[in-house]
Amino acid sequence: MQDDAFIELDGVEKVFDVRKKTGFLKRERRQVRAVDSISFTVARGEMVGYIGPNGAGKSTTIKMLTGILTPSGGRLRVAGIDPSRERKRLAHRIGVVFGQRTTLWWDLPLIDSYKLMHRMYRIPDGRYRENLDRLVELLDLGTLLDVPVRQLSLGQRMRGDIAAALLHDPEVLYLDEPTIGLDVISKAKVREFLRDVNAERGTTVLLTTHDLQDIEQLCSRVMVIDHGRMMYDGPLAGLHEVGEGERTLVVDLERELPPIDAAPARVVKVEGPRQWLAFPAGESAAVLVARIAAEYPLVDLSVREPDIEAVIAKMYVDQAGQAERADQAGRAVS
Ligand SMILES: Nc1ncnc2c1ncn2[C@@H]1O[C@H](COP(=O)(O)OP(=O)(O)OP(=O)(O)O)[C@@H](O)[C@H]1O
């Protein structure tokens, strides 16, 4: 592992047991491998994007990093601490913002949530006041402190949540969709603030988002996860290589069996009798299927194009479309 690694994951897995009702009094047990042998390190002071399609395993990873969930396997450390074993000790060193949910008290004025956090985190009085003043100024919260949280707009609430996550000077900040639903101006404010916190305080930031502009404007590195597996870890500019040249064959066998042996295809995931095989795009799927069918009890199959590539392409197309529409609107006005 890197010496300056602040966040370290080595072969981390999370498997959920899911029970599904399949009939009257009949339930079927199934395992969902939400995070599948993920390894990465983040250095102190780095700002890294963590992206992927819905259900890819991003939130599950963040929940393990905060200690809310215990990994099913592998090794995970944040600031040298095992999050699930020492959740309280870690809580003093991390800040979390879930864009879709608030950590603030809904019916209380914003300032009362901060006062409660002051006590909960046992922040020394001087430090609390200094941080509060700085955050109120930077996030433009002055006129909002006496307003009950439920009366805040989404953008105001988000700024309130970000301040709450930073009051105790955490060394690492996990942001799960911090700009979701915000207008262009609020997005710009939040991004500018995060850039400053990272630059001035050296706060390590892990950012989950569906908005590639968040990544473009904030992160020099991006990690892409799909079906619980790391697909890409590198600069944003290299993203177009993700998934290029590979397709996936999803095979349903009659029963659970050891991973299928069909080189050059390789098994990338197994869930009960279902196996996922990645194979070079240039190979014939029909030949591969015939080979597997001759040796294994095949029930069903499908060929999938790389999901992540499609998702990222879609993100780019959506954003290019938005930029074009904004451009056209701007031209119409002028
Ligand atoms: N508590 C749980 N019990 C069972 N399955 C779960 C649980 N939490 C997550 N999962 C499953 O694990 C997989 C990964 O979910 P996760 O929420 O981590 O994805 P995500 O990448 O954050 O998605 P999104 O972008 O939609 O928030 C999904 O298949 C999800 O249904």
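Visitor: Among contacts between residues at least 6 apart in sequence, what share joins residues at least 24 apart?
Guide: In the protein chain that's 68%. Two residues are in contact if their C-beta atoms, placed from the backbone, lie within 7 Å. Keep in mind this is a predicted model: local features need pLDDT of at least 70, side-chain atom pairs count only at pLDDT 80 or more, and totals for chains, interfaces and linings use all residues. Residue numbers start from 1 along each chain as its sequence is written.

Visitor: Okay, and how many helices and strands are in the chain?
Guide: Nine helices and 13 strands. Both are DSSP runs numbered from the N terminus: helices are H or I with at least four residues, strands are E with at least two.

Visitor: Where does Asp169 sit?
Guide: In the loop between helix 5 (154-166) and strand 6 (172-176). Asp169 isn't a glycine, yet its phi is positive, near 55°.

Visitor: Is Asp169 buried, exposed or partly exposed, and why?
Guide: Partly exposed, because Asp169 has 16 C-beta neighbours inside 10 Å. Buried takes 20 or more other C-beta atoms within 10 Å of a residue's own, exposed is 12 or fewer, and partly exposed is in between, with C-beta atoms placed from the backbone.

Visitor: What about Glu177, buried or exposed?
Guide: Glu177 counts as buried because it has 21 such neighbours inside 10 Å. Glu177 lies in the loop between strand 6 and helix 6 (184-201), and its phi is positive too, about 55°.

Visitor: New topic: which residues does the cis peptide bond join?
Guide: Ala263 and Pro264, with omega about 10°. Pro264 is in the loop between strand 10 (246-253) and strand 11 (266-271).
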